[in-house]
Amino acid sequence: QVMSDREFNSNITFKALMIEDFPDSYLFKAKNLIHDSKVERASQVFPLSDGELDFMHTVRSPVVKIDALERDDNIDYRFPLILELVSDLVVNTSASNDYCLGSLDRKSLVWTCASRVLLAKDNDLISYPVERDGIYAVIFNPNPDIVEVVKEKCDFFCRYRFMILFITLLTLVVVSGLSYVLWRVLRYVSKYRKIKGDIIEYQNQIAELTNAQTEVVGQTLGDRIEGINFAYNPMADFLNDSNFERMTALEIEYNKLKEKTDQTERENKALTHSNRKLVDEVETVRHKIDDIKSKRSKKADEALEGVGGYGREFE
């Protein structure tokens with residue numbers, strides 16, 4: 001018999017609720033796991049079982065399958081149903097302590113206690129609340145001994161350990177991120193400084209090469225690169241130190257000769273007036289010599305002409 005608690009809440013309605021018997025042949029291999037603390041109790045109730053209960057010892061009522069149609073089997077009911085089953089309880093056993101509403105897992109074929117809340121017991125009828133769809137039966141499964149666990153006093157770190165752990169991990173992540181960013185910045189700064197030093201060194205080398213002298217005196221390599229052409233000066237060969245000393249000695253000697261020449265010219269100017277008469281006389285004699293030469297030349301010509309006429313007459 002299945003009843004809903006309509007008397008407590010009239011809003012519960014089902015479109016369709018199927019309740020059917022479940023075949024016993026499917027349940028022969030199902031296991032009933034007894035708690036270690038109650039194995040001895042199971043051996044006392046069923047002496048031949050040694051604490052391992054088979055289907056005949058485990059299941060104490062009909063097995064029913066409850067299925068609310070158009071509903072997910074894994075979702076609890078909004079309000080529980082009340083399941084009343086006729087049960088065959090063993091003598092000298094307690095309905096509240098030795099039995100429970102068992103639920104069968106069809107995949108693992110293992111009985112587990114779905115509820116130990118005994119709502120009512122009327123002779124052979126036992127009532128339990130049902131929270132969801134499943135396969136149910138009253139099974140023998142003594143309630144394990146409740147071991148009282150003494151809780152240790154929880155201090156501040158105990159109460160907030162998860163928060164402290166979260167904050168610690170978050171701090172580590174933030175510190176790691178900042179450390180990585182700082183490392184990258186320092187790496188870029190060091191690389192920038194190195195590149196800047198290399199650039200300055202290359203600029204100095206370029207300036208040194210630009211100021212280097214070529215084979216043309218006065219022309220630098222930078223002038224040649226910029227297209228500034230210098231004409232070759234032949235006197236450039238004499239501008240070195242050895243030739244310069246030689247040129248200096250020649251200039252000194254030249255100056256001495258020039259002084260002597262100037263002195264000679266001054267003396268010649270003084271003698272020019274005294275020698276002018278002598279020059280006139282020389283000119284007169286030269287004219288006379290020229291006149292004599294011209295007269296002799298004429299006589300020779302006349303003589304040659306006479307000799308030429310005599311020769312023609314002889315022919």
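In which helix is Leu-170 found? Leu-170 is found in helix α4 of this predicted model, in which local features need pLDDT of at least 70, side-chain atom pairs count only at pLDDT 80 or more, and totals for chains, interfaces and linings use all residues. Residues are numbered from 1 along each chain as its sequence is written, and side-chain values use heavy atoms, with hydrogens and water left out.

**View 1. A nonpolar surface patch that includes Phe-156, Tyr-160 and Leu-170.** The patch has about 950 Å² of accessible area together (Shrake-Rupley method, 1.4 Å probe, only the protein chains shown counting as cover for residues). Patch residues have over 30% relative accessible area and no salt bridge, nonpolar side chains (Val, Leu, Ile, Met, Phe, Trp, Tyr) being joined within 5 Å and like charges within 9 Å; a salt bridge is a side-chain nitrogen of Lys or Arg within 4 Å of a carboxyl oxygen of Asp or Glu. Helix α4 gives the largest share, six residues (helices are DSSP runs of H or I with at least four residues, strands are runs of E with at least two, numbered from the N terminus). Leu-170 counts as partly exposed because its relative accessibility is 45%, where buried means under 20%, exposed over 50%, and partly exposed in between (1.4 Å probe, protein chains only).

**View 2. The open sheet, with strands in the order β2-β4-β10-β6-β7-β3.** The six strands show mixed pairing (two strands pair if DSSP finds at least two bridges between them), and the edge strands β2 (17-21) and β3 (31-32) each pair on one side only. Strands β4 and β10 pair in the antiparallel sense over three bridges, and Lys-65 stands opposite Ile-135 in β10.
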